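Please look over the sequence and the model before reading on.

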Amino acid sequence: PSLSQRFVHGGVLTLGVALDVATDFLGSDSLTLGSMIDANFTQPLLRGAWNHIAFEGVYRQQRDFEFAVFDFHRYRQTFTVSIFRKYLDVLKRRDQLENEKANIKGLEQTRNLTKVLADGGQVSRIQFDQTQQRLLNARISLASQQQTYRNSVDALKISIGLPIRTNIEPAYPGALRALEKYKPKTGDVPFDEAKAIDYALAARPDVLTERATLRDAERNMELAEDDFLPQLDFEAGIGATSGPGGNDMFRYGPGRTSRYARLVLDYDIDQTDNRNAYRNALLDLLSAQRDYDQFLDQVRLEVRQNYRKLEQSRQT
């Protein structure tokens with residue numbers, strides 16, 4: 001068995017242990033036991049060496065894990081907002097439905113009154129027909145709003161994980177009255193548009209992810225540059241073997257140890273593959289930079305539009 005440890009500077013330490021058992025099955029005296037241990041350390045000095053290159057893979061794994069945590073928290077926030085928004089939509093549809101029912105009752109009374117007046121010749125028949133038409137349109141609108149209300153309730157069921165056949169209704173009008181304490185503020189929005197954009201560019205997880213993509217493209221080009229360097233490694237190791245016999249199985253004398261230290265150089269004269277990889281990394285970097293700039297513009301536009309909607313909602 002062996003154990004290995006990779007360090008942030010690119011070095012690799014390997015520890016190994018081996019057992020040697022030999023016998024001719026003629027007796028216990030013919031059993032020979034031995035053991036061997038060795039330790040090897042390899043440190044690159046040029047290509048793939050030191051923290052800025054060797055630690056890149058570990059850095060990306062740790063960063064991706066942190067981004068996954070950020071995405072999870074972002075999902076919880078957006079999920080909560082979406083559920084609350086759908087719940088408010090249900091209350092809104094129900095309130096519109098009740099208003100339309102009250103409107104129909106008023107139109108029915110107006111229709112009956114207009115009919116009496118039309119029969120008495122006090123108003124024209126056209127006025128009665130117009131009242132009748134408004135009543136019919138209101139009934140058609142009521143049927144449409146009932147369907148829209150049921151659809152909003154079903155959408156809320158699916159969002160919160162309830163079976164579609166579950167019969168739920170909002171606590172109307174109590175739930176709507178309970179929201180009256182959350183009245184909109186009449187003052188200005190407590191932050192300006194520029195601060196909202198700066199905060200979005202600094203804190204939004206999708207912006208951080210896009211920024212990390214650009215950073216990875218830059219690092220990929222640096223890694224491609226590093227591949228042009230020769231492979232120069234410092235290697236050192238020590239090994240020991242035990243003497244034959246059961247009593248000497250774990251005894252390592254001076255004559256049974258070995259040590260070495262050397263420099264190993266490997267350089268490929270043909271750099272065609274490295275050149276092509278560097279060109280591709282450069283093109284990927286330019287493309288990532290364009291995508292990043294376009295994404296930031298889209299974020300600024302989105303924040304500005306939402307800010308204007310917030311300002312409009314405050315005024316109305």
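A residue is called buried under 20% relative accessible area, exposed over 50%, and partly exposed in between (1.4 Å probe, protein chains only). By that scale Asp273 is exposed because its relative accessible area is 63%.

This is a predicted model, in which local features need pLDDT of at least 70, side-chain atom pairs count only at pLDDT 80 or more, and totals for chains, interfaces and linings use all residues. Residues are numbered from 1 along each chain as its sequence is written, and side-chain values use heavy atoms, with hydrogens and water left out.

**Strands**
- Strands (E, at least two residues) and helices (H or I, at least four) are DSSP runs numbered from the N terminus.
- Two strands pair if DSSP finds at least two bridges between them.
- Strand β4 (residues 231-241) pairs with strand β3 (residues 32-44) in the antiparallel sense over 9 bridges, and Phe41 stands opposite Ala236 in β4.
- β4 also pairs with strand β5 (residues 257-266), in the antiparallel sense over 10 bridges, and Glu235 stands opposite Arg262 in β5.

**Helix α7**
- Helix α7 spans residues 272-315 and contains Asp291; Asp273 lies in helix α7 as well.
- Asp291 is partly exposed, because its relative accessible area is 40%.
- Between the C-alpha atoms of Asp291 and Leu214 the separation is 8.7 Å, and the two residues are 77 residues apart along the chain.
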